Amino acid sequence: MNPSANGWINKLLKTLEANKTIENASSNAFYLSLRESGFIYGNNVIIIENLFDKSDFSNEEICKTNLFLALYFSHKKLDNSGNFIDSIIEFYTEIEEYKTSYFKELLGEKKSAGLLEKIIHKRVLIEDNLISKSFNYFITNALLYIDVLAYKHYLKNKTITVNYIKNLESALETIVLCVLNAKQTKSEYDTSLIKLFEQSLRYQKKYNSTYNQAISFINSEFEAQYIIDMACMATWTDASIDEKEHGFLNQLGADLQLDQQTINEAKASITNFFHTYKDQIVLFESKNIVKTFYDNSSKMVSKLISRNSKRLQKELSESKELMLLISKSTVRDLNEEEQKKVQEQLLDIFKSIPSLAIFMLPGGALLLPLVIKFIPKLLPSSFDENRIEKD
């Protein structure tokens, strides 16, 4: 399954028909799986229940898959009679009528799995432009679980208003800022977290509420669980929660009518998550903007080439001049004319491979040096005298 290609939802649904692990889980167990995957924290590192091997999935692809699975699970538990895809599209249509610009070009289409793929794609990505998104420090949305809570509300009540989502966002923002502002010194992590929340808000912008108002907006068990988990994420700095923060979390949990065991498990979960996945979490990265762009782009190019390796091998083998120029580029810098020839011939090849059409977009040519970096891995060993073959 490839969440960046058309048809991934139908492929995933077919897998879910054969594998009932997620469908048969209890609501509490499924929430814990969401938390362990990083979806609750806005840092998706694994697919829920490891349903797929995600070795070549990007963070965005894992996030899209987890969002779909969370919505699918909610539908199975609360309204298994209707059509799942129609239900999700109707839900997004209803909440987006208050914000018409966001899905304006999509919601007039006929309901289908393809339309839902587009909606989820729009919902997960902060920016659509390849280049500007690569420069964006935060890729996934920190507040996507609010969509899941809102969908549950929609299924239970057969309707939903944007005020429900506004209130949830406001409650979450108020409590997280209470945590962060209580700190005498803000770390880079804290500053990054504030930016992440600001970029993730969809419906309300600076709708200030008091702590007591925020608590009054929380009306269900999983809303309360989500709030305490996000508060724990805000308190966590350098693998520790100090005494003052423990006191705040305990009081917050009591105000949310959560038992002490649930509060303690939330504290332990965030510490374990960050210890386990620290190297994979964007909040801890302090790279400059150019390095971030290069790393994000490098991962994307590597993934695209690995997924299209057989077709690329064939196309490259039929382009003798390009092969010669790439061979030269491994031992010396190409001159301007040679670079232009490589660019033109690579773009001609990419035209014939649909999933590589991204390089044809404005700015896509900036990524061609990265493409050349990975192409030698596709060619015969004689092409690269320094390659060491693995046993």
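Visitor: How much space lies in the largest cavity?
Guide: This is a predicted model, in which local features need pLDDT of at least 70, side-chain atom pairs count only at pLDDT 80 or more, and totals for chains, interfaces and linings use all residues. Residues are numbered from 1 along each chain as its sequence is written, and side-chain values use heavy atoms, with hydrogens and water left out. A cavity is a set of points on a 1 Å grid over the protein atoms alone where a 1.4 Å probe fits but cannot get out. With volume taken as the space filled by probe spheres set on the points, joined across faces, edges and corners, the largest cavity holds about 50 Å³.

Visitor: How many cavities of 30 Å³ or more does a search of the whole structure find?
Guide: Rolling a probe the size of a water molecule over the atoms shows where empty space is left. Searching the whole structure at 30 Å³ or more gives a count of 1.

Visitor: Which element gives the largest share of the lining of the largest cavity?
Guide: Lining residues have an atom within 4 Å of a point; here they include Phe30, Tyr31, Phe73 and Lys152. Two or more come from each of α2 (27-37), α3 and α8, where helices are DSSP runs (H or I, at least four residues) numbered from the N terminus. The largest share, 4 residues, comes from α2.

Visitor: How many nonpolar residues has the lining of the largest cavity?
Guide: Ala, Val, Leu, Ile, Met, Phe, Trp, Tyr, Cys and Pro count as nonpolar, Asp, Glu, Lys and Arg as charged, and the others, Gly among them, as polar. This lining has 2 polar and 1 charged residues. Its nonpolar count is 7.

Visitor: Which element gives the most to the lining of the second largest pocket?
Guide: α3 (59-78), α8 (145-157) and α12 (221-235) each give two or more residues. By class, the lining has 5 nonpolar, 6 polar and 5 charged residues. With 5 residues, the top contributor is α8.

Visitor: How are α8 and α12 set to each other?
Guide: Tyr145, Ile146, Leu149 and Lys152 in α8 meet Phe222, Glu223 and Tyr226 in α12, with contact meaning heavy atoms within 4.5 Å. Their axes lie 11 Å apart, at an angle of about 170°. The two helices are therefore roughly antiparallel.

Visitor: How are α3 and α4 set to each other?
Guide: Axes are lines fitted to C-alpha atoms, for helices over the stretch in contact, and angles run from 0 to 180 degrees between N-to-C directions. α3 and α4 (residues 84-96) pack at about 105°, axes 11 Å apart. Under 35 degrees counts as roughly parallel, over 145 as roughly antiparallel, 65 to 115 as roughly perpendicular and the rest as oblique. So α3 and α4 are roughly perpendicular.

Visitor: How many residues apart are Tyr151 and Tyr154?
Guide: Both lie in helix α8. Their separation is about one turn of the helix. In residues, that is 3.

How values were computed. On a 1 Å grid over the protein atoms alone, a cavity is a set of points where a 1.4 Å probe fits but cannot get out, and a pocket is an open set with protein on both sides within 12 Å along at least five of seven lines; lining residues have an atom within 4 Å of a point.
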